[in-house]
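Let's take a walk through a protein model and stop at a few spots along the way. Have the sequence and the 3D view open while you read.

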Amino acid sequence: MAKDSVKLFGFWASPFPTRVHWTLKLKGVKYEYIEENLPAKSPLLLQYNHVLKRIPVLVHNGEPLLDSFVIMEYIDETWKQNPILPEDPYERALARFWAKFVDDKCVPAIISAYTKKGGSREPEDPGEWSWGKMLLWSWLDWIYWARITEEVASVNMIDADITPILSAWFERVLEFPVIKECLPPRDKLLEQSMNVYEALMAGST
């Protein structure tokens with residue numbers, strides 16, 4: 001097998017493979033991307049990920065790795081150039097904590113926005129959708145999907161009036177070439193998200 005054979009299994013509309021794309025590109029690692037047709041998962045994906053049976057999966061020299069954050073840490077530790085996580089153990093621990101914190105909060109919030117019956121929804125708690133501070137210390141992928149969710153589900157998740165400087169900073173970062181090239185086309189993602197939302201709303205009536 002060729003040295004450093006790297007394959008990434010993903011799905012274009014998911015933020016989890018996107019963060020792995022970013023990591024590989026920022027580290028300058030050459031890789032083959034394999035698009036999965038979810039929910040019709042390929043036999044090869046199920047072979048490499050028979051435990052979780054989902055994307056993303058990174059296969060390095062024939063050995064599969066699961067879970068986006070585990071994959072990102074593995075990439076950072078395997079290819080030393082352009083380090084992503086801090087070298088200081090305490091700072092690394094903080095980065096891991098905030099990354100997990102954002103995923104634990106963002107995933108349920110977005111799912112909740114898509115599954116609330118009746119379309120538009122105002123937050124019950126003023127801090128419920130205010131992710132500004134925690135996003136500052138974590139990964140950037142959710143900001144893109146959060147903006148799509150705001151439009152689809154008619155919710156206000158990241159308020160530029162409350163955190164104008166942070167919101168502007170996120171928008172600038174998303175224009176960074178390596179970040180921008182890995183993001184799914186906005187119109188395509190919006191259409192796909194709207195279809196999912198309408199299907200969920202129809203099923204809840």
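## Two cis prolines

Pro39 sits in the loop between β2 (32–35) and α2 (43–48). Keep in mind as you look around that this is a predicted model. The peptide bond leading from Leu38 into Pro39 is cis, with omega near 5 degrees.

Now move along to Pro56, which lies in the loop between α2 and β3 (57–60). Here the bond from Ile55 to Pro56 is cis, with omega near 0 degrees.

## Positive phi values

Which loop holds Lys53? Lys53 is in the loop between α2 and β3. Its phi is near 60 degrees, a positive value in a residue other than glycine. As a rule, most residues other than glycine have a negative phi. Lys53 counts as partly exposed, at 43% relative accessibility.

Asn61 has a positive phi too, near 50 degrees, and isn't a glycine either. You'll find Asn61 in the loop between β3 and β4 (63–66). With a relative accessible area of 30%, Asn61 is partly exposed.

## Arg19, buried or exposed?

Head over to helix α1 (residues 15–27), where Arg19 has its place. Is Arg19 buried or exposed? Arg19 is buried, because its relative accessible area is 1% and the cut-off for buried is under 20%.

So who are its contacts? Leaving out residues up to four places away in sequence, Arg19 touches Ser68, Phe69, Met72, Asp103, Asp141 and Trp142. With Ser68, the side chains are joined by a polar contact of 3.0 Å.

## Rings and a charge

How many aromatic pairs does a search of the whole structure find? The search finds 4 aromatic pairs. One of them is Phe11 with Trp12, a tilted pair with 6.0 Å centre to centre and 55 degrees between the planes. Phe11 counts as buried at 17% relative accessibility, while Trp12 counts as partly exposed at 22%. Phe97 and Trp98 also form an aromatic pair, this one edge-to-face, with centres 5.0 Å apart and planes at 75 degrees. Phe97 is partly exposed, with a relative accessible area of 45%, and Trp98 is partly exposed at 22%.

Before you go, look back at Trp12. The charged end of Lys188 sits over the ring of Trp12, 4.4 Å from the ring's centre.

Terms used. Residues are numbered from 1 along each chain as its sequence is written. This is a predicted model: local features need pLDDT of at least 70, side-chain atom pairs count only at pLDDT 80 or more; totals for chains, interfaces and linings use all residues. Side-chain values use heavy atoms; hydrogens and water are left out. Helices (H or I, at least four residues) and strands (E, at least two) are DSSP runs, numbered from the N terminus. Buried means under 20% relative accessible area, exposed over 50%, partly exposed in between (1.4 Å probe, protein chains only). A polar contact is a pair of N or O atoms within 3.5 Å; within protein, one must be able to donate a hydrogen and the other to accept it, and residues adjacent in sequence count only if both atoms are side-chain atoms. Contact means heavy atoms within 4.5 Å. Rings of Phe, Tyr and Trp (its six-membered ring) pair if their centres lie within 6.5 Å; planes under 30 degrees apart count as stacked, over 60 as edge-to-face and the rest as tilted. A charge sits over a ring if NZ of Lys or CZ of Arg is within 6 Å of the ring centre and within 35 degrees of the ring normal.
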